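Student: I am new to this structure. Can we go through it in short questions and answers?

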Amino acid sequence: MISRILVPMDGSEMAHEALEYALENHPDAEITVLHVVGEPSPMWGEATGLALEDDLEQAAEDLAESVFSSARELAADYNGEIDTEVRLGMPVRAILNRADDFDLIVIGSHGGSVADRLFVGNVAQKVFRRSPVPVVVVR
């Protein structure tokens, strides 16, 4: 029985579809939406601005809020509730570090910008290959 689901979300349409899939197919499960904010570096778009922040964790929470707000609205459409969590770092590593606490990961097949895909690679593919728990890839 699947009772705890991790849904990584980056704000993309595919991530939205992944959350919708989890809500529709597992209405009784506890769902945690995870948003990973990259550590500051010249190659990480939104994360570059974090380098100038005094409170890195608060800045990451602020960046994640729009993703979480959208996720909460979708959950409300299904009369569900979600937990939210933000992590700093590399998306694949952050997702896999949390995987053991869940029965299932539901992830969108692709997301983010073209530049993210060029530099980072396919997060869903890497999670699928390395995850210690089952993974559903939604497309």
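Predicted model: local features only at pLDDT ≥ 70, side-chain atom pairs only at ≥ 80, totals over all residues.

Student: Is Ala-18 buried or exposed?
Tutor: Ala-18 sits in helix α1. Leaving out residues up to four places away in sequence, Ala-18 touches Val-7, Val-106, Ile-107, Gly-108 and Val-138. Its relative accessible area is 0%. Buried means under 20%, so Ala-18 is buried.

Student: How far apart in space are Ala-18 and Val-106, C-alpha to C-alpha?
Tutor: Val-106 is among the residues that Ala-18 touches. In sequence the two are 88 residues apart. In space, C-alpha to C-alpha, the distance is 5.8 Å.

Student: What is the handedness of the β-α-β unit made by β1, helix α1 and β2?
Tutor: Strand β1 covers residues 4-8, and helix α1 covers residues 13-25. β1 and β2 pair in the parallel sense over five bridges. With α1, they form a β-α-β unit that is right-handed.

Student: Which residue in β3 is the bridge partner of Val-33?
Tutor: β2 also pairs with strand β3 (residues 82-88) in the parallel sense, over seven bridges. On the β3 side, the partner of Val-33 is Thr-84.

Student: How many of the eight residues of strand β2 are buried?
Tutor: β2 spans residues 30-37 and is mostly covered. Ile-31 touches Ile-5, Val-7, Leu-19 and Ile-82, among others. Of the eight residues in β2, the number buried is seven.

Student: What share of the contacts with a separation of 6 or more comes from residues 24 or more positions apart?
Tutor: The chain has five helices and five strands. From the N terminus, they run β-α-β-α-β-α-β-α-α-β. Among contacts with a separation of 6 or more, residues 24 or more positions apart account for 72%.

Student: What percentage of the 139 residues in the chain is buried?
Tutor: The accessible surface comes to about 7800 Å², with 47% of it belonging to carbon and sulfur atoms. Buried residues make up 42%.

Notes: Residues numbered from 1 in each chain as written. Heavy atoms only, no water. Buried < 20%, exposed > 50% of the residue type's maximum accessible area, 1.4 Å probe, protein only. Helix = DSSP H or I, 4+ residues; strand = E, 2+ residues; numbered from the N terminus. Pairing = 2+ DSSP bridges. Right-handed = clockwise from strand over helix to strand, strands pointing away. Contact = heavy atoms within 4.5 Å. Areas by Shrake-Rupley, 256 points an atom, 1.4 Å probe, with all protein chains shown as cover.
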